[in-house]
Every structure is written in C-alpha cells, then in structure tokens.
Amino acid sequence: MNWNWQVIMDSLPTLMMASLTTIGLVIISGILGLLLAIPLGLARVSKKWWVQTLPFGFIFFFRGTPLLVQIFLIYYGLGQFIPDGLKDGWLWTKLLSKPYFWAIVAFTLNTAAYTAEIVRGAIKAIPKGENEAADAIGMSYAQKFKRIIMPRAFGIMLPAYSNEVIFMLKGSALASTISIMDLTGQAKTLIAKTYATLELYFAAGVIYLVLSWVFISLFRMAEKHFNRHLNYQPISKVNVTA
C-alpha cells in the first residue's frame with residue numbers, strides 16, 4: 001500500500017475550512033443546550049412530581065434514542081409540520097430550509113438532555129451547609145440561586161460537562177448524513193474525488209484530535225478559575241515561645 005502524503009497536504013486547507021462548520025455547530029448547540037439544560041435540571045430537583053414529569057420525559061427520550069435517529073426525525077419530520085404559507089417567505093428560504101439549522105436543533109436538544117442531568121447532579125452535590133449558611137444570613141431564594149447554587153454547581157459540573165462537549169464534537173460527524181459539509185462531510189467529498197480513503201480519514205481524525213485538545217484545555221482553564229477557592233491553603237500556625 002502506498003501512503004499518499006501529497007493528497008493530505010493538498011486537502012488540508014479544505015478540511016480546515018470545513019472544521020469551522022464543525023466548531024460553529026458544537027459551540028452554538030452547546031450554548032443553546034446549556035441554556036435549555038439549566039431550567040430542565042432545576043425542574044428535575046424539584047420536590048413536586050408534576051414539575052419533574054415533563055423534563056423527565058424529555059431527558060428519557062433524548063438520552064434513550066440514538067443521535068442519528070434524532071437527527072433524521074427532526075430534519076425529515078419537523079419540516080412536515082411547517083405550514084405551506086411559510087415555505088414561500090424569507091424565514092423558510094434563509095433558515096428553515098437549511099440542514100444546518102435543523103442540525104443545530106437536533107444537537108441542542110440532545111446535549112440539553114445530557115447536560116440537564118449533569119446540572120441536576122451538580123446541584124445535589126452542593127454541600128448542605130452552604131445552603132444552610134445562606135438561609136441563616138437571610139438570603140432570598142433568588143439571591144441564593146445567583147450567589148450560591150449556580151456558581152457552585154457550575155464549578156462542580158465543569159469536568160463532566162467538558163466530557164459532554166467532547167462527545168458532541170465527535171457526534172457532530174453525524175451532521176454529514178443530512179448533507180452538511182462539516183469536517184466529516186468534506187472528507188467524504190474529497191474521498192469521492194481522490195479515492196484516498198485512509199489518508200483523508202486520517203487527516204480528519206487528526207483535526208478532530210486537535211479540536212478535542214483545544215476544548216479540553218479551555219475547560220481546564222475554566223475549571224481552575226471557577227474552583228480556585230478549593231486550592232486555598234491556610235496559613236500555618238506560628239509557634240511562639242515565651
């Protein structure tokens with residue numbers, strides 16, 4: 001077997017440009033998914049069963065079905081419910097007819113389900129004494145939520161949430177199944193032209209590896225920032241002799 005390094009070098013700029021589509025998909029879906037996951041996670045820790053029911057059903061469905069199936073259901077299914085009147089307007093032309101939009105919807109809902117459970121676990125992991133101290137000094141629930149619950153939960157959930165973002169990065173390769181020219185989709189297109197299957201998948205894999213390293217490094221820096229108080233070292237006592 002002859003390994004063709006030249007085809008990798010020639011295709012690298014195209015693959016790098018396609019990786020921007022992948023990065024955008026992961027970042028946009030990650031932000032929207034996190035915003036959706038926070039109220040879902042708060043509802044899951046509610047003591048009222050009727051508050052937990054809908055979030056539980058949502059999380060159960062999106063965690064229990066394959067991401068590929070969800071992409072197909074959303075891309076091919078939800079479009080059937082759009083009124084014909086909208087299909088002639090700018091909203092359909094600029095947004096609703098684009099596979100990238102539906103990929104963001106699918107990835108947002110999927111990551112929101114997983115992140116909601118991470119949020120729920122982080123809230124439950126907050127030491128009970130911190131909530132009791134907030135109550136003791138007369139904090140309202142809104143103040144406690146803003147100053148205690150969310151900052152502490154965010155610091156606790158960062159390691160697990162970083163794993164979810166990496167899983168989403170790798171899962172973004174499935175976006176190519178609905179004709180999105182992301183990193184994997186572009187690699188498939190180049191393979192159809194050059195027949196250099198191993199070389200181009202190897203190049204795409206290396207780019208995914210570099211992107212994973214970048215995301216992991218960013219989350220480590222964020223974790224050090226939000227959990228910097230955990231590294232506090234008390235001043236050693238000084239022995240004073242008379």
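Start at Thr184, which sits in helix α8, a stretch covering residues 183–194. The model here is predicted. Is Thr184 buried or exposed? Its relative accessibility is 11%. Buried means under 20%, so Thr184 counts as buried.

What does Thr184 touch? Set aside its neighbours within four places in sequence, and Thr184 is in contact with Ala173, Ser176 and Tyr208. With Tyr208 there is also a polar contact. The side chains of Thr184 and Tyr208 are joined by this contact at 2.7 Å.

Now turn to the database record. An unreviewed UniProt entry lists residues 20–42, 54–79, 99–119, 153–180 and 200–219 under "transmembrane region". Take two of these stretches in the model. Residues 153–180 are 68% helix and 0% strand. The C-alpha atoms at the ends of 153–180 lie 35 Å apart. Residues 200–219 are 100% helix, again with 0% strand. Here the end C-alpha atoms are 29 Å apart.

Next, look at how two helices meet. Two packed helices are described by the angle between their axes and the distance between the axes. Helix α1 spans residues 5–44, and helix α2 spans residues 49–64. Their axes come within 8 Å and cross at roughly 125°. Which residues make the contact? From α1 come Leu36, Leu40, Ala43 and Arg44. From α2 come Val51, Gln52, Pro55, Phe56, Phe58 and Ile59.

Notes:
Residues are numbered from 1 along each chain as its sequence is written. This is a predicted model: local features need pLDDT of at least 70, side-chain atom pairs count only at pLDDT 80 or more; totals for chains, interfaces and linings use all residues. Side-chain values use heavy atoms; hydrogens and water are left out. Helices (H or I, at least four residues) and strands (E, at least two) are DSSP runs, numbered from the N terminus. Buried means under 20% relative accessible area, exposed over 50%, partly exposed in between (1.4 Å probe, protein chains only). A polar contact is a pair of N or O atoms within 3.5 Å; within protein, one must be able to donate a hydrogen and the other to accept it, and residues adjacent in sequence count only if both atoms are side-chain atoms. Contact means heavy atoms within 4.5 Å. UniProt positions are given in the numbering used here, feature names are shortened, and annotations may be inferred rather than shown by experiment. Axes are lines fitted to C-alpha atoms, for helices over the stretch in contact, and angles run from 0 to 180 degrees between N-to-C directions.
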